[in-house]
Amino acid sequence: NVFCLTAAKKAPAGKDPAPKEAPPQEAPAAPSTEAPPEDQSPTAEEPTGVFLKKPDSVSVENGKDTVIVAKLNGKELPAKPAVKWFKGKWLELGSKSGARFSFKESHDAASNVYTVELHITKVVLGDRGDYRIEVKAKDFCDSCAFNIDVESPRQDSAGQSLESFKRSRQGETLTSSPPWCPRPVLPTFRQVVEEEKKKKKDDDDLGIPPEIWELLKGAKKSEYERIAFQYGITDLRGMLKRLKKAKVEVKKSAAFTKKLDPAYQVDKGNKIKLVVEISNPDLPLKWFKNGQEIKPSSKYVFENVGKKRILTINKCTLADDAAYEVVVKDEKCFTELFVKEPPVLIVTPLEDQQVFVGDRVEMAVEVSEEGAQVMWLKDGVELTREDSFKARYRLKKDGKRHILIYTEVAMEDKGHYKVMTNGDQCEAELIVEEKQLEVLQDIADLTVKASEQAVFKCEVSDEKVTGKWYKNGVEVRPSKRITISHTGRIHKLVIDDVRPEDEGDYTFVPDGYALSLSAKLNFLEIKVEYVPKQEPPKIHLDCSGQTSENSVVVVAGNKLRLDVSITGEPRPVATWMKEDEVFTGTEGRVRIEQRGDISSFVIESAERGDEGRYTIKVTNPAGEDVASILLKVVDVPDPPEAVRVTSVGEDWAVLVWEPPKYDGGRPVTGYLLERKKKGSQRWMKLNFEVFTETTYESTNMIEGILYEMRVFAVNAIGVSQPSMNTKPFMPIAPTSEPQHLTVEDVTDTTATLKWRPPEKIGAGGIDGYLIEYCVEGSDEWIPANTEPVERCGFTVKNLPTGAKITFRVVGVNIAGRSQPATLAQPVTIREIVEQPKIRLPRHLRQTYVRKVGEHLNLVIPFQGKPRPQVVWTKGGAPIDTAHVHVRTSDFDTVFFVRQAARSDSGEYELTVQIENMKDTATVRIRVVEKAGPPENVMVKEVWGTNALVEWQPPRDDGNSEITGYLVQKADKKTMEWFTVYERNRHTSCTVSDLIMGNEYYFRVYSENICGLSDLPGVSKNTARIVKTGMTLKLPEYKEHDFRTPPKFLTPLFDRVVVAGYAAALNCAVRGHPKPKVVWMKNKMEIREDPKFLMTNHQGVLTLNIRRPSPFDSGTYSCRAVNELGEALAECKLEVRVPQRRLTFT
């Protein structure tokens, strides 16, 4: 009881005891003395920095899915963040990480919060470890770490889960305790065992995934540090201890001599080979992909090359991104294949669309690859196929085209739509407008007699609009007498055999619009009195015109029926005429109908040519009557004319047009305008209310894009056909003003200006610049050039001397002139005297050396104003202008000689003079060539194997200092020359190491800055090296016998080969004299058989067998014989046929 009371005090107040069966992953309640849980920490309650919610460390069961979520505060970020996920410190998770890893990002614009998610499907033990999320936005960078722990289901030795033991223990505790006493919160047996095992495993593994351990075990020691850095391993000492322990436990694979690499990577569409090498070629081998056995096909090709087993995967797709396994007996090796998808580019981007509510919309984009993954976003929110079943849209793939379809678009579907691939994106805007229904023909009031037909007709702008007819507020239903029809834009209500009860107000109400059309039906009662006497004919007209002139107006294309009531006794005869034309036909487009006392003139589908004055004449014996009706045919106007763009700007254009020649019989009330991008088929309306002027400025255009525009005319009847499209035009703006306008030079009549290009040029480019100037005291700007100049500099000529002039420069392009760049102060046109000064280049301040035949080209700049006088002299005398060419400009002088001669050497003086001021400079030129040969080459003395050679310098040094001499010797017998000394400074040398008994000649070349002389100086005498007396006594020796009998240094070895593959038998033999070699098979000598090729290369004997078969198996021997004996080597050759697996279908 005491124990129960203590436990009750520690239990939280107001909470029930724990249930009998708690889930396995639930941890027991923490004691009150421990730190508060993580969700109650100050960091969780009051997040600071960019992370509103940091990613949580999770523990996941092997094979389950997990999601890591983080939330970022957009207010702390300067731009949209770039988020990267890392495993360890440096291993970035991305497309190379496999299909199990996926990433999702979303943005809540209202709260400016970014939500990023990492999805891992089917977690494996290798996913365990430390992870890191990194956020970058321009210069901002932050990161946060978390951990993923992977648990595998554990079982005891009997195969029963320890969870059952936990439940039984809990049951005992509950049954043994009183019902009012809460169960003590103590760790269960399973939790204690798991914590101990986990702690021990974590200590052993150091948090490093198993595949990294496998990589480390197979790597060299020198690569440990690189692998640890690559995968973020910081505890190098613990890693080395763990590897040392593992090295002892490593057992060499009995089946594999070379396993698969840990991972492979291939580009989508390419092929890859997975190679494994086995110890025994007869062992059976199987390949698996994600646990499913792979069968041979055109996709998967199996190859056997010796002990190598190769799996070739052709045309890799994303479905081949998987784990692969090869099994030999009980041994396995694994690898993972990553398929890299090439960047998908957008070939045809989305286009802006403007539609009405209820229309069908298709937004299409074409990409560079079939089957590519494409993401659709609307206002930054992803549109998925899962959501499409709930919404009104659907996503469709047609080869390389991806289509977003709205069957009936609504107002909430408008917005900005974006398509993203892994290498490109595009965006377009969908504009949805409410439909505006226009009434083209209203219902007219009718007055109908008994038994006649009443026709109510109206015409609206939309053919798809339906509606209902009402009589005095009650819906009219079709019957035998009443017919309701809808043909195109025309709605009709026809009442046959009109009765008095049909009189009333009739209304047509279009479905979906707050609009109604009303008219009244009047029933006319006619009382006929019998008058036995004759009555002259009378025409009774009922026209809509209120003037004295009877007139009828009809819309072109509509049917016209003129029903004229006539009276008279006897019944008169009616005749219809238009001017002199009499109508008598009862059939056709224009016809006459006679029905009782009514004569009808009918025109089907009225045309403009039907307009005019019509006359009806009725006659009977009692007299005649004549009436005229003026028929006016009204129509939609003709299209506007002369539509053109008169001016454009950066994002605007001014459109001008002429009114239509024919207004359709009704005044033009305004115009509708549309525009589109050139090459597109989508026209966008620019106004929904009619525009009454004939000049319109279109805005919100993109600079550098070609557009076309068209105009519709509108009158009371309807909208005309579109006008001709304008010529394609491009919104462009003039450039900004040129920059940094300065005056570079001024003379008595000219001024040279310099400037820099405008800061903003735009899509129109720049054609050039115009320069203008204004004389002080005048407001007129005078153009200095008629054609634009392209370079940023210009010299204005013919200016009045002494005048003060202001200059300005404007940039010109197709859009017109830019704002001018004007000098701040006027410039006085007067040349400033500047003292002459020669700026002698550095290389001419010392003697200028050139070779004979080369050209002399000296460019010497100078300064001085006005233009100075330049004079060249040599030794005080003028230079020869026939040989030396001199060209002088305003700022430099050029001294040019096409082919230099030694006579051109000397000192030249350059004088630059302005009036009594002058400056001089001296230029020293030396023209050099190769020196002549040395003179008087003599052998002065010979001693031992040495000879002293002397000579004199050449007579002509080539106008250059002699830098050295080249000395050569030649044996008198062969006369082959060999160099003894190079660049010998003195005029003598000692030649050593001469051969006794030989006689030598010597020759010497002189060398200067141009190289060696063309001819050498040859010695006139020779140096003879005399032999000294010597006696050679040969030692006596006994000749050695080198003969040996044949002996095999390398014997033949038994071989097992595969049938069909070339085989070779090798051995090595030694013997002197060279032994004769004979090859035998089964004691029979192998002779001229093309299947066998025998070679002997310095004692190495080879027998090549071409494509052996089982018949070639047997005992092969090689016999070597010479005069001292013979030797024999034998081996056995076994030829095996590879086993083939039979496949039964």
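Good morning. K64 is partly exposed, with a relative accessible area of 45%; here, buried means under 20%, exposed over 50%, and partly exposed in between, using a 1.4 Å probe and protein chains only. The side chain of K64 meets that of E61 in a salt bridge, with N and O 3.9 Å apart. By definition, a salt bridge is a side-chain nitrogen of Lys or Arg within 4 Å of a carboxyl oxygen of Asp or Glu. E61 is also partly exposed, at 37% relative accessibility.

Before I continue, a word on the model. It is a predicted model, in which local features need pLDDT of at least 70 and side-chain atom pairs count only at pLDDT 80 or more, while totals for chains, interfaces and linings use all residues. Residues are numbered from 1 along each chain as its sequence is written, and side-chain values use heavy atoms, with hydrogens and water left out.

Let me now describe the chain as a whole. Eight helices and 87 strands are found in the protein chain. Helices (H or I, at least four residues) and strands (E, at least two) are DSSP runs, numbered from the N terminus. Of the 1145 residues in the protein chain, 37% are buried. If we take the contacts between residues at least 6 apart in sequence, 62% of them join residues at least 24 apart; contact means heavy atoms within 4.5 Å.

I return to the salt bridges. How many salt bridges does the count come to? The total is 48. One of them joins the side chains of R608 and D638, at 3.0 Å from N to O. R608 sits in the loop between β43 (598–603) and β44 (612–620), and D638 in the loop between β45 (623–634) and β46 (641–648), so this pair ties together parts that are 30 residues apart in sequence. R608 is partly exposed at 37% relative accessibility, and D638 is partly exposed at 24%.

Another salt bridge pairs R902 with E929, whose closest N and O atoms are 2.7 Å apart. Why does this pair tie together parts that are apart in sequence? R902 lies in the loop between β67 (892–897) and β68 (906–914), whereas E929 lies in the loop between β69 (917–928) and β70 (935–943), so the parts that are tied together are 27 residues apart. Both ends are partly exposed: R902 has a relative accessible area of 30%, and E929 has 28%. Elsewhere, salt bridges that share partners join K559, R561, D563, R591, E593 and E604 into one network.

W85 is placed in strand β4 (residues 82–87). Is W85 buried or exposed? W85 is buried, because its relative accessible area is 4%. Not counting residues up to four places away in sequence, W85 touches I68, L91, E92, L93, F103, V116, E117, L118, R132, I133 and F146. Consider E117 in that list: W85 and E117 are 32 residues apart in sequence, and their C-alpha atoms are 9.9 Å apart in space.

The second residue is T421, in the loop between β26 (415–420) and β27 (425–433). T421 is buried as well, with a relative accessible area of 11%. Leaving aside neighbours within four places in sequence, T421 is in contact with V344, I346, V367, Q373 and V374.

Finally, I come to the backbone. Most residues other than glycine have a negative phi, and most peptide bonds are trans. Which peptide bonds are cis in this model? Among them is the bond from E569 to P570, with omega near -10°; P570 is in the loop between β39 (560–569) and β40 (573–578). The bond from K865 to P866 is cis too, with omega near -10°, and P866 is in the loop between β63 (856–865) and β64 (869–874).

As for phi, N290 is not a glycine, yet its phi is positive, at about 50°. N290 lies in the loop between β13 (285–289) and β14 (292–293) and counts as exposed, at 52% relative accessibility. N936, again not a glycine, has a positive phi of about 55°. N936 lies in strand β70 and is partly exposed, with a relative accessible area of 36%. Thank you for your attention.
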